[in-house]
Amino acid sequence: MTPTAAPLLTVRDLRVVIGGKHILHGVDLEVAASGTTAVLGRNGAGKTTTVRGILGLVPRTGSVLLAGEETVRLATHALVRRGIGYAPEDRGVFASLSVAENLRLAERPGAGEPAYDLVHTLFPELRRRARQAAGTLSGGQQQMVAIARTLLNGNRLIIADEPTKGLAPKVVTEVAQVLERAAEAVPVLLVEQNLALVRRLARHCVVLAAGRTAHQGPAADLLADAEAARRLLAVGSTGGTGSTGTGSTGTGSTGGTGPGAIGGTGDTGAGGTGSIGIAGGTGAIGGTGTAGRTGGAGSPTAGSPVRTAARPAARTTEADA
Amino acid sequence: MSTVVLLTFTGLGLGALYFLVASGLSLIFGLMDVLNFAHGALLSVGAYGTWWAASGHLPGAGSGGAGFVLAVVFGTAVGTVSAVVLELAVIRPLYTRPREQILATVGVGLAVPALLSAIWGSDARPFPGPKALSGTFAVLGAEVPLNRTVLIGAALAVLGALKLFLSRTRHGLVVRAGVEDRAMVTALGIDVRKAFTLVFAIGGAAAALGGALGGLYFGSVDPEQGTSLLIFAFVVVVTGGMGSLTGAALASVAVGLVQQFANYYTTAGLGDLAVVVLLAALLLVRPRGLTGRLA
Amino acid sequence: MTTATQPRGRSRTAGHPLDTRSRRLRRATRWWPALLLVALFTVPYSALPLPGLLDGPIGGPGNLQLLALCLLFGGLATGYDLLLGRTGLLSFGHALYFAAGTYVTNTVMLEAGLPFAASALLGLLAGAALSALLGAVSLRVSGIGFSMVTLAFAQAASILVQRDPGGVTGGEEGRAAPADRLPAALVGIEHTANLYWIALAYLVVVLAVVHRAVRSPVGRVWEGIKENERRVEVLGLRPYGFKLLAFVLAGTLAALGGLVYLLLTGGATPQTTTSDFTLSLLVMVVLGGSGSRWGPTVGGVLYTWADHRLTDLAGSDTVAGLPAVVRVPLSQPLFLLGALFVAVIYLLPGGVARLPARLRAARPSPAAAEREEVPAP
């Protein structure tokens, strides 16, 4: 086995044509076998379409390899049943169904016990509101339902499309913490506009521009290079810092009030202070009990691949067998 | 007074018939975006299946007692099977072409009644029903035909069963979720196409049952019966809000009653017009139907 | 060639050795509609037999009547496609406006005793007014809701006509047109040629109007609405008004067709008010090819011809002598047409109008064929 683990998901030349309009002209991306891979790009670059294309929710051509298996000809439900949790951009919550029913839909009969314990530990609120119609939930609560659905099964990959879009800063932090924790066990493909969040969560990133892959590499490298970030993402460094600032305040406040399960997040606020934040932020989550394994995530280059390779590699072999 | 009672029962009976057609129509449209123009044909298939069986062609079935029940079961079963075949053979291959799906059901809706009249003639055939159901019973001085109550009872039973199915079973959950957002259901790893076949089977069964019992109500079967009922079922579905079962039930009752009362107290035929005018008025006030569901 | 196919055709022939030849060919074939028109115009003078297609000489009164109906329905389907194929509106109530033209004109002649020309004008106006009024209401809902509301309105009118209020419509029998009010040149079997030319003129008028309309700026908005209504809204345009315009134009063209029908058949029949009538228009359009320039016309002509020929066939002795399995379906033209329609949807997406393109696509290299494959609208 090479030091770098084989990617869990490999997308090659993904093309999407909708109503005669070419939306994607050939997207290439890899989702690492561990950690979070962020998909970045301006509005209209094709981020959501890429995700929908991977899942087969829009007609597409190209190659989508999930742990070595070609899935481009699979129907969406068949692909998802191979172990994908998907939280779409609009959250995809069924408004007239109750919270419990929304979660029950995500159960996969015959694919192991649904992890309600985990979900209810992470989102105690969802247990309290189990019988409430999901349409009456706040945006943040709906996002929790959407993410909870991805955590209910022993998925191999979680795809979250702009999970923090339109949420209050406090909720953004909450969602980020859950994603961070989820990414410890399962690789996450995260579409995100919030650079502060990307900085905090993502180890790898893919930048899309006009329906093509414009850049792919370690997230920290891109974010450290203000010039490249501006060119690829069209965001000023001030804007980035600005949003980072909000993030940090929000995190600080959550530290006290947040759910006990993710305790020890008091110092997550450090995440907003710049590149050191990556180490700080992840370290804080590490406080939940897996400090030893995730503590080193702050250094994106040295050592990390070997460490992260172990678990997903085993999963891959399992799948091949 | 007795006239009002009679009209109420007749209107409710008609509404029950509408509901049996509209419930499936509404579910199919809600889940699949397919406006099933062949739904009237399914009703006709059910009616002819029952008529055929009750006329002594099916061993054990007949026009009275248990024999008639067997005939109704047979007609409903034939309608259900036809609906499943329709979904699998005609609708499913056009999954990615929604407009063509509707057009294909239009073709089937034209062809099936034509085939029925090719086989059994285009004239109405007297419908053999049990003697027990041909009588009347007295309510508040009115002599109400029993077959009205049979229809009302059947519609209530179907409504109850559908409600239970939708709220208590996983398949029902999938259907309700699919009415809201079909793509998201597949994105949760559920093969929504199974639900398509299922709603077609349910809708076909309800429509065929409507056909079987409609034979009692009208006293005869003819190939165009289903198609003419279908149009009022469409009115019901739009009025009730597409994809909403409760809306369909409410709208069925409203349409049936308005039609009967207006037909009786004004000129014959005006009731049918009144229903359409009401639909237009409703759409002007609430473009999304009574229940506010997508239209 | 439509505007849509021209660039595609050019890109395929670009750099091809046969480029100039095919271009010359194309230029020559551009005049085929004019040639066809001349040919159609001279049909009443022709005694050419078309065995299998028609009984007897093509210029005979019976055949002229059938051909006139074919042309009329060709035009009617073309007008209907203004909604279905050009604006993306699936109306199930088009029969209403057709019947309005027929019934209003006929009733005014019969009841008010007005001459034909004045009655016809009133019939046409009634069609326009009715489509404006009901279109304004129906278009408040979109998608399938619209289809259902148009269906309901047409059904209401159909019921009204069949109930025969005040003995005006003639109920299920319909009412014959008063021969004394009609111009003498349009009455009687010896004047079938005149009726034929009127039907031909109707088709030409509809084709010209539709062609001009879809090429106008409004037509481009219609195309936008058909593809993506949201996008039109984003441009600051209100789709409602444009859709209503299409609806009224199509309704008025249908009423005009109703006038021609009144002359052709010498009366008003309630069959033209039914939803089945609209559905047959739908079948014609889809059969021929929705959204194409000639498709609906071809579909209307083919359907009408097939319907009449199949009805003749169903009543013939040859069919009566066949075994039941074959005889039963053959005795119902509507069954065959319905089945044919479903088959066309599967086997021939885009209808007959796409057939030449498909055949051409089958010949050249796979790459070119792939380019030809445009997703069905």
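Reply: In chain A, strand 3 (residues 36-41) and strand 8 (residues 188-191) pair in the parallel sense over four bridges, where two strands pair if DSSP finds at least two bridges between them. Within this pairing T37(A) has L189(A) of strand 8 as its bridge partner. Helices (H or I, at least four residues) and strands (E, at least two) are taken here as DSSP runs, numbered from the N terminus. This is a predicted model, in which local features need pLDDT of at least 70 and side-chain atom pairs count only at pLDDT 80 or more, whereas totals for chains, interfaces and linings use all residues. Residues are numbered from 1 along each chain as its sequence is written, while chains are lettered from A and ligands numbered from 1 in the order in which they are written.

The two strands belong to an open sheet of six strands in chain A, which run in the order 6-7-8-3-9-10 with mixed pairing. Strand 6 (84-87) and strand 10 (212-218) of chain A lie at the edges with a single partner strand each, so one side of each has no neighbour in the sheet. Ignoring direction, neighbouring strands of this sheet are turned by 15° against each other on average. Helix 6 (residues 139-151) of chain A packs on the sheet, where it touches strand 6 and strand 7 (157-161) of chain A, and its direction makes about 175° with that of strand 6. For such values, axes are lines fitted to C-alpha atoms, for helices over the stretch in contact, and angles run from 0 to 180 degrees between N-to-C directions; two residues are in contact if their C-beta atoms, placed from the backbone, lie within 7 Å.

The chain that holds this sheet has 14 helices and ten strands. Of the 321 residues in chain A, 50% are buried, which requires 20 or more other C-beta atoms within 10 Å of the residue's own, with 12 or fewer counting as exposed, the range in between as partly exposed, and C-beta atoms placed from the backbone. Among contacts in chain A between residues at least 6 apart in sequence, 67% join residues at least 24 apart.

Helix 5 (residues 94-112) and helix 7 (residues 143-163) of chain C pack at an angle of about 35°, with their axes 9 Å apart. Here A95(C), L96(C), A99(C) and Y103(C) of helix 5 meet F153(C), A154(C), A157(C) and V161(C) of helix 7. The residues of this contact divide into eight nonpolar, no polar and no charged, where Ala, Val, Leu, Ile, Met, Phe, Trp, Tyr, Cys and Pro count as nonpolar, Asp, Glu, Lys and Arg as charged, and the others, Gly among them, as polar.

Between chains, 33 residues of chain B are in contact with 34 residues of chain C. On the side of chain B that touches chain C, helix 4 (98-120), helix 10 (225-240) and helix 12 (270-285) of chain B each supply at least two residues, and helix 4 of chain B gives the most, with 13 residues.

As for confidence, the model scores ipTM 0.81 and pTM 0.78. Chain C has a mean pLDDT of 82, with 90% of its residues at 70 or more, pLDDT being the predictor's confidence in each residue, from 0 to 100. Over residues 1-15 of chain C, however, pLDDT stays under 50, as it does over residues 365-377 of chain C. Where pLDDT is low, the predicted coordinates should not be read in detail.
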